[in-house]
Amino acid sequence: MNIFLIFVRDETFYNLLPENLNRLMADSGKARVMALPPLGIQTLAPIVRQHGHQVRMFDTCHPQMKSADILQAVRDEKPDVIAFSLMSTTTYAETKGMAQQIKAVAPDSPIIVGGVFASMNAAQILRDCSAVDCVGVGEGEELLPDYLDNLNDPGAVAGLVWRNGDEVTSNEPRPLLENLDQYPYPDRTSLPIDYIEALPLDVPAVFSLDKFCTVQTTRGCPFNCIYCDIPAYSKHRWRYRSPESVIGEMQELNDSGFRSIYLTDDHFLLKRDRIQDICNGIIGRNFDFHWSCEGRVDSNAIDQMALMSKANCKALMFGIESGTQKVLDRLGKKQTLEQIEYAVDEAKKNGIERTHGFFLIGSPGETKEDIMESFRFAARLKLDTFNFGRLCVYRGTPLWNEYVEKGIIDDERDWYKWFKCSDIDPTVLPGETLNNIRMKGYAGLFARRIVSRPIQSYKLIRYLGRNMELSDIIKLISSPFTKRPYYREPELPAKMIDLGLKEPIRDC
Ligand code: B12
Ligand code: SF4
């Protein structure tokens, strides 16, 4: 069979590489996009091929893979099955629109949707969008080939939620995969795209022009941060690939010329001896790439920073979130300020070139003073880069459930939306206040950084300057002071719309 695998992008998260940088690279004949590769479809493509099918992948960040191009390809090739990878709430509307257009031109090609958002909202999607025939809940490695083998008997496919006449039927759930080592490595060559290691912003914040890809070495997370749906999606389990399997994939990437790798693991640093084995494998094989990952500050592998640095780990991103214990506890982070300071210190002391801190503002119960304390805390930490994002709520997270219980969100009517907490929760500071404090906080933070750590600041600018024009670096530094529009603005809950409210009713 001929299968189309389509990853629909959020337009906010990619940009084409500007021409001046494009010219610096040898011509590969591929489109150059500042974005992360669609690892879900890259993972599924070789497995589907292994089962004897033909696969064509689409990533909508490619200038010739927009919805009209995909529609034309459907007309031309009449694929037997169309599979959408639907990762986040923010792309549901696009995916739905595309599915409807495709159904109109190829009514006989079944459309299956999978990915994190689809998995958390399977029945809702089927009730909402008649063009979608079924949703594959959870991991697709076994599910998708099983579905392709049973197109005429969807009831036989564990994990499938499907349209059974007028009913939506949920088959028995498919258990989580136990052996993640048994599958072929993802296909990083078939898409005609070079992914560039960059922040997907309006400004080309390009970290390197090295051949870049992502790798997933573990799945899931046993923690329970209130704003995250990964624990629910992964059933609170953390599973990992063996160091041998990871090193085997890295060898293939190294041999194919990849020189920069980003690990998309939810929690890479959880098992100390595994980190040691992977790092020793990288050092032993003398790979040419550098790599980066995210980590929790309380991981027991924090004492492996020297080895990670020796294995060419260049950047480590920490989910710090707040500079007050009160807010950390409210977010369910289960980490302390001391652990944060220790982890960032260890990383820097042991040679990790870039440490990044993800912070959140606009949490329930957080005051102006709490936010300013987060900025002061960030200034004290040995972070190279940081960002302060606004807390948002997605379905499947404990915070969403809390808002449903409080009557703020109507699960039936709001399932396809995402919200900035400040837009809906009266215990969160209003959006405009948050933006103003954020600007003030950033200004203080930048000033302190330059005065107290001039060498580190200079090194960072020099590092960015390798691939960025000075004017773009200035734009990047000033970006926190300018409002960046979302591609798709968050909506308001149905109840607020019913009541004609533009913001939650706050006590003065
Ligand atoms: C890397 C990453 C990104 C990257 C880009 C990823 C990319 N291009 O693929 C960047 C930084 C750009 C990003 C951006 C965003 N992300 Co993000 N991201 C991730 C992260 C950490 C890893 C994704 C990954 O590489 N997974 C590895 C691959 C192998 O897994 P997979 O894609 O899930 O595919 C598997 C299954 O889902 C399934 N599957 C996938 N497709 C299909 C299709 C079919 C038919 C079937 C049967 C199965 C199937 O099989 C695959 C193999 O098992 C996830 C967390 C996570 N664990 O998923 C968050 C996550 C998906 N992101 C999330 C969010 C919210 C966003 C943003 C909206 C952030 C924001 N606030 O603006 C944007 C929107 C991006 C977009 N839609 O384009 C949320 C989604 C929550 C939700 N319910 O909506 C997640 C779950 C993080 C979280 N903890 O909450 N993200
Ligand atoms: S935010 Fe990170 S640590 Fe918290 S539950 Fe999600 S994946 Fe786990």
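Me: Which residues in α3 meet which ones in α4?
Reply: From α3 you have Ser67, Ile70, Leu71, Val74 and Arg75, and they meet Met98, Gln101, Ile102 and Val105 in α4. By class the α3–α4 contact comes out as 6 nonpolar, 2 polar and 1 charged (nonpolar: Ala, Val, Leu, Ile, Met, Phe, Trp, Tyr, Cys and Pro; charged: Asp, Glu, Lys and Arg; the others, Gly among them, polar).

Me: Before we go on, what kind of model is this?
Reply: It's a predicted model, where local features need pLDDT of at least 70 and side-chain atom pairs count only at pLDDT 80 or more, while totals for chains, interfaces and linings use all residues. Residues are numbered from 1 along each chain as its sequence is written, with chains lettered from A and ligands numbered from 1 in the order in which they are written.

Me: OK, back to α3 and α4. At what angle do they pack?
Reply: About 25°, with the axes of α3 (residues 67-77) and α4 (residues 92-105) 10 Å apart. That angle makes α3 roughly parallel to α4 (under 35 degrees; over 145 is roughly antiparallel, 65 to 115 roughly perpendicular, the rest oblique). Axes are lines fitted to C-alpha atoms, for helices over the stretch in contact, with angles from 0 to 180 degrees between N-to-C directions.

Me: And α2 with α7, how do their axes cross?
Reply: At roughly 45°, with the axes of α2 (residues 39-50) and α7 (residues 140-149) coming within 9 Å. The two are therefore oblique to each other. Leu44, Ile47 and Val48 of α2 make the contact with Gly140, Glu141, Leu144 and Pro145 of α7. That contact has 5 nonpolar, 1 polar and 1 charged residues.

Me: What about α14 and α18? At what angle do they pack?
Reply: About 20°, with their axes 9 Å apart; α14 covers residues 368-380 and α18 residues 431-452. At that angle α14 is roughly parallel to α18. On the α14 side the contact uses Lys368, Ile371, Met372, Phe375, Ala378 and Ala379, and on the α18 side Ile437, Gly441, Gly444, Leu445, Arg448 and Arg449. Sorted by class, that's 7 nonpolar, 2 polar and 3 charged residues.

Me: Switching to strands. In what order do they sit in the open sheet?
Reply: β12-β15-β16-β17-β18-β19, 6 strands with parallel pairing (a pair needs at least two DSSP bridges). β12 (212-215) and β19 (385-390) are at the edges with a single partner strand each, so one side of each has no neighbour in the sheet. Neighbouring strands are turned by 20° against each other on average, direction ignored.

Me: How many bridges join β16 to β17?
Reply: 5, between residues 290-295 and residues 313-321, running parallel. Cys293, for one, has Leu316 in β17 as its bridge partner.

Me: Last topic: where are the domains?
Reply: Domain 1 is 2-170 and domain 2 is 201-494, with bounds from an automatic or database domain assignment. Their C-alpha centres lie 27 Å apart. The contact takes 23 residues from domain 1 and 20 residues from domain 2.

Me: Which elements give two or more residues to the domain 1 side?
Reply: α4, α5 (116-120) and α6 (122-128). α5 gives the most, with 3 residues. By class, that side of domain 1 has 13 nonpolar, 7 polar and 3 charged residues.

Technical notes: Helix = DSSP H or I, 4+ residues; strand = E, 2+ residues; numbered from the N terminus. Contact = placed C-beta atoms within 7 Å.
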